[in-house]
Amino acid sequence: MPPPYIAAIDQGTTSTRFIVFDRKGNIVSSAQQEHRQIYPQPGWVEHDPEEIWRNTQAVIGEALQRGGLTAADLAAVGITNQRETAVVWNPKTGQPYYPAIVWQDTRVGDLVRELEKEGGQDRFRVKTGLPLATYFSGLKVKWILDHVPGVRQAAENGEAWFGNLDAYLIWHLTGGVDGGRHLTDVTNASRTQLMNLQTLNWDREILNTFGIPRPMLPTIRSSSEVYGVATGALAGVAVAGDLGDQQAALVGQTCFRPGEAKNTYGTGCFMLMNTGLHPVPSTYGLLTTVAYQFGKDAAHYALEGSVAIAGALVQWLRDNLGMIEKSSDVETVARTVEDNGGAYFVPAFSGLYAPYWKADARGVVAGLTRYVNRGHLARAVLEATAYQTREVLDAMEKDSNISISSLRVDGGMVVNELLMQFQSDILDVPVVRPKMIETSALGAAYAAGLAVGYWNDLEDLTQNWGIDKTWEPNLKEERRAKLYAGWKKAVERSFDWAE
């Protein structure tokens, strides 16, 4: 008998999860552990890679124990991960040379400005689909090479390896210092700003411009193939799927046809639209990225709108201001008022991503009067995510010449009914929540399962997708336009703040 289940490691910005799925895409068992968010100085965000690996091992063991399972019950394991977070480690010792520099980190702002002097913000966009920005992991690697003593020489000697978190985990899972594989997939590689979208290989010119030695980079593979066999708690299980978290959610939402789109509401907010077999260049501030590549099939591409701060704003309200005890309380507080009271919260904590790409923007609260209370601020916090999504959707429709008839949503914030209704209202389209909202982990499991024949084809996956709830728009156009105009005015107030 073949193993009955498939598993995924979901290594996110704030936590790591291990989830076991059955053939219908239902969760059989899971476990989760948060890791520390480290802020050494304003604009810097770091994680401890060793803590993340310890947590990964712990949640694997915990989920297997909870489900009464062993590694022999798993057909394969897939990985999905926070993208653009850079790790550099010694493959001989396994020791990181420096903490992981997180995607939200803005320390490379001066490097961005220096590179923009020749060719502007879109200097590498034709090759990579990405503007110059603090977001992507390539410049974070350059910062480590330039600022951490001994790392550049180690990299030249093959003793310093770089990867996003997926590569770091694959290396550990497949043996670590005892022959671990140094691999990444096309979706993660496309978020480094070092990969050419046409060739799906590292671009020599960009590596030379950034000063990044080629020997430290992982081999680029498809998103669905057997990369190696796991050791440790998953001994003998094929490691067979790898997708950046947002591409994994696109796969988990079974958006396999051009024009199908999903939006994930997590720490940040990320909308992806499948554009088919050819990369579509953006003229409205979106990213062109690889959506997925299954085995030897051609790669599919996507347009993406990336919003830096979504759920993280609710966490900030909880942890920094102490306005709520737990994240779910924000909806209760927001429901004490009927609207935002004229207040808008623009969460440009690490600049603005799509469609503005302004690294010098900073967070502002606008429209305050004596009338505004705690409830209005809580509502403004939730509405900020919906407004940012509207801006991304508007840009996506212009770039693709496709009008989206509904939006598939997933991620932790979609349990917030007030937010989902307002999202539908401000977009003026239905918002659809699937039965399974853990779509990033499910997408990684799908990729791994396709690689080992656990599922036969994409039709098997599409059969699993089902609707849990749909929100219909219920806002007059005049009111929608007025609210959105207020948001646009508030966004302008956040520009050009940081020196």
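Visitor: Let's start with R433: buried or exposed?

Guide: Buried means under 20% relative accessible area, exposed means over 50%, and partly exposed is in between (1.4 Å probe, protein chains only). R433 has a relative accessible area of 10%, so it counts as buried. Bear in mind that this is a predicted model, where local features need pLDDT of at least 70 and side-chain atom pairs count only at pLDDT 80 or more, while totals for chains, interfaces and linings use all residues. Residues are numbered from 1 along each chain as its sequence is written, and side-chain values use heavy atoms, with hydrogens and water left out.

Visitor: Which side chain does R433 meet in a salt bridge?

Guide: A salt bridge here is a side-chain nitrogen of Lys or Arg within 4 Å of a carboxyl oxygen of Asp or Glu. For R433 the partner is D468, at 2.9 Å, N to O. D468 sits in strand β23 (residues 467–471) and R433 in strand β22 (residues 431–434), so the bridge ties together parts that are 35 residues apart in sequence. Those labels are DSSP runs numbered from the N terminus: helices are H or I with at least four residues, strands are E with at least two.

Visitor: How many salt bridges does a search of the whole structure find?

Guide: The count is 35. One of them joins E51 and R36 at 3.2 Å, N to O. E51 is in helix α1 (residues 49–67) and R36 is in the loop between β3 (27–34) and β4 (46–47), with 15 residues separating the two. E51 is buried at 10% relative accessibility, whereas R36 is partly exposed at 47%.

Visitor: And what about E118 and R123?

Guide: Their side chains form a salt bridge too, at 3.9 Å, N to O. E118 is exposed at 56%, and R123 is partly exposed at 26%.

Visitor: Which residues are linked in a network of salt bridges?

Guide: That network links R83, E84, R191, D245 and E304.

Visitor: Now R17: which side chains does its side chain touch through polar contacts?

Guide: A polar contact is a pair of N or O atoms within 3.5 Å; within protein, one must be able to donate a hydrogen and the other to accept it, and residues adjacent in sequence count only if both atoms are side-chain atoms. The R17 side chain has such contacts with the side chains of D10 at 2.6 Å and E438 at 2.5 Å. R17 belongs to strand β2 (residues 15–21) and is buried at 17%.
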